[in-house]
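Dear colleague,

Please find below the structure that I am handing over to you, with its sequence. My findings follow directly after it.

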Amino acid sequence: MTGRQWLGGGLLVLACAAGLVAFSPERAVRPIGVVGPVAVPVPPPPDRLAAAREDARRRPEDAAAWAEVGLAAVEQARTSLDAGGLDLAERALARSLELKPEANYAAVVGSGALANARHEFGAAREHGLRATAMAPERAAAYAVLADAELELGDYPAATAATQRLLDLAPTAAALVRAAQDLQAHGRRAEAQLALERALEAAGPAGERAFCARRLGDLAWEDGRLTEADGRYREALAARTDDAAAAFGLARTAAPRGGRRRRRGGWPN
């Protein structure tokens with residue numbers, strides 16, 4: 001079974017969340033050592049940004065190396081909630097496009113990710129459309145496009161981009177976006193199932209932390225504070241520098257008798 005499961009109106013569905021994606025052996029579920037609500041700590045993940053910057057230092061005329069710096073800087077800014085990293089991403093992506101102004105797929109995708117991170121969703125959509133036209137069989141641009149369309153409120157376009165992403169690369173990142181799409185249509189239980197499946201499929205520590213944190217956010221929005229606390233702890237066990245998970249954990253520690261947060265979209 002593939003991710004191609006549709007309802008008459010064109011909405012992405014999870015008739016059976018466990019069957020959304022048939023993972024290949026290479027995508028087998030990876031144990032994360034959960035003991036109760038808290039995961040066993042794992043070694044810190046490799047520093048993707050530091051490695052990318054070193055590669056660009058050694059190959060200063062390589063457009064791909066600079067595009068990777070940009071993508072890694074956006075990812076680190078998202079995890080750390082430090083917007084200062086976005087300036088580095090902008091400079092690196094500009095350098096990549098200077099070196100290779102045409103057919104530079106990675107830099108265009110990176111520019112879209114940067115625009116999404118800055119909440120410039122119209123620009124992100126343009127970058128996503130440009131990149132998908134450049135390479136329609138490559139998955140990364142559909143993630144940029146799905147995020148932008150969802151934030152712009154074009155739900156049919158967001159669903160179409162998410163479905164294409166699932167068809168091309170049914171990974172944890174695609175399942176997270178499927179969950180976002182489902183939540184946007186009010187299908188919260190199915191969104192949780194998709195996120196649980198994403199966590200099972202996640203590989204790097206940062207990806208596991210992100211999925212666990214999203215599960216924590218969803219639980220907190222629904223008032224399931226004990227579950228949210230456990231998910232945020234699980235995220236921090238996978239990646240100790242996940243600032244958003246630390247914020248979530250502090251939030252669940254607040255007096256439990258307060259007003260429940262209004263249900264809404266995904267935190268940025």
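Arginine 239 has a relative accessible area of 15% and is therefore buried, where buried means under 20% relative accessible area, exposed over 50% and partly exposed in between, with a 1.4 Å probe and protein chains only. Its salt-bridge partner is aspartate 241, with 2.8 Å from N to O; a salt bridge is a side-chain nitrogen of Lys or Arg within 4 Å of a carboxyl oxygen of Asp or Glu. Aspartate 241 has 44% relative accessibility and so counts as partly exposed. Salt bridges with shared partners also link Glu54, Asp55, Arg57, Arg58, Arg59 and Asp62 into one network. Within it, aspartate 62 bridges to arginine 59, and their closest N and O atoms are 2.3 Å apart. Aspartate 62 is partly exposed at 22% relative accessible area, and arginine 59 is partly exposed at 34%. A further salt bridge joins glutamate 190 to arginine 187, with the closest N and O atoms 2.6 Å apart; glutamate 190 is buried, at 18%. The structure holds 27 salt bridges.

Please note the basis of these values. This is a predicted model, in which local features need pLDDT of at least 70 and side-chain atom pairs count only at pLDDT 80 or more, while totals for chains, interfaces and linings use all residues. Residues are numbered from 1 along each chain as its sequence is written, and side-chain values use heavy atoms, with hydrogens and water left out.

As to the overall fold, the protein chain has twelve helices and two strands; these are DSSP runs numbered from the N terminus, helices being H or I of at least four residues and strands E of at least two. From the N terminus on, the order is β-β-α-α-α-α-α-α-α-α-α-α-α-α. Of the 268 residues in the chain, 49% count as buried. Among contacts (heavy atoms within 4.5 Å) between residues at least 6 apart in sequence, 58% join residues at least 24 apart.

The largest nonpolar core has 36 residues, and Leu165, Ala172, Val176, Leu195, Ala198 and Cys211 touch the most other members. Such a core is a set of buried Ala, Val, Leu, Ile, Met, Phe, Trp, Tyr and Cys residues joined through side-chain atoms within 4.5 Å. Two or more residues come from each of helix H6 (140-152), helix H7 (155-168), H8, helix H9 (188-201), helix H10 (205-221), helix H11 (225-238) and H12. H10 gives the most to this core, with eight residues. Apart from neighbours within four places in sequence, alanine 172 is in contact with Ala198, Ala201, Ala202, Glu207 and Cys211. A second, separate core of 17 residues includes Ala65, Val69, Ala73 and Ala77.

Arginine 251 belongs to helix H12 (residues 243-252). At 18% relative accessibility, arginine 251 counts as buried. Leaving aside neighbours within four places in sequence, arginine 251 is in contact with Asp217, Trp220 and Tyr232. Arginine 251 lies over the face of tryptophan 220, 3.6 Å from the ring centre; a charge sits over a ring if NZ of Lys or CZ of Arg is within 6 Å of the ring centre and within 35 degrees of the ring normal.

Glutamine 183 lies in helix H8 (residues 172-184) and is buried, with a relative accessible area of 8%.

Yours sincerely
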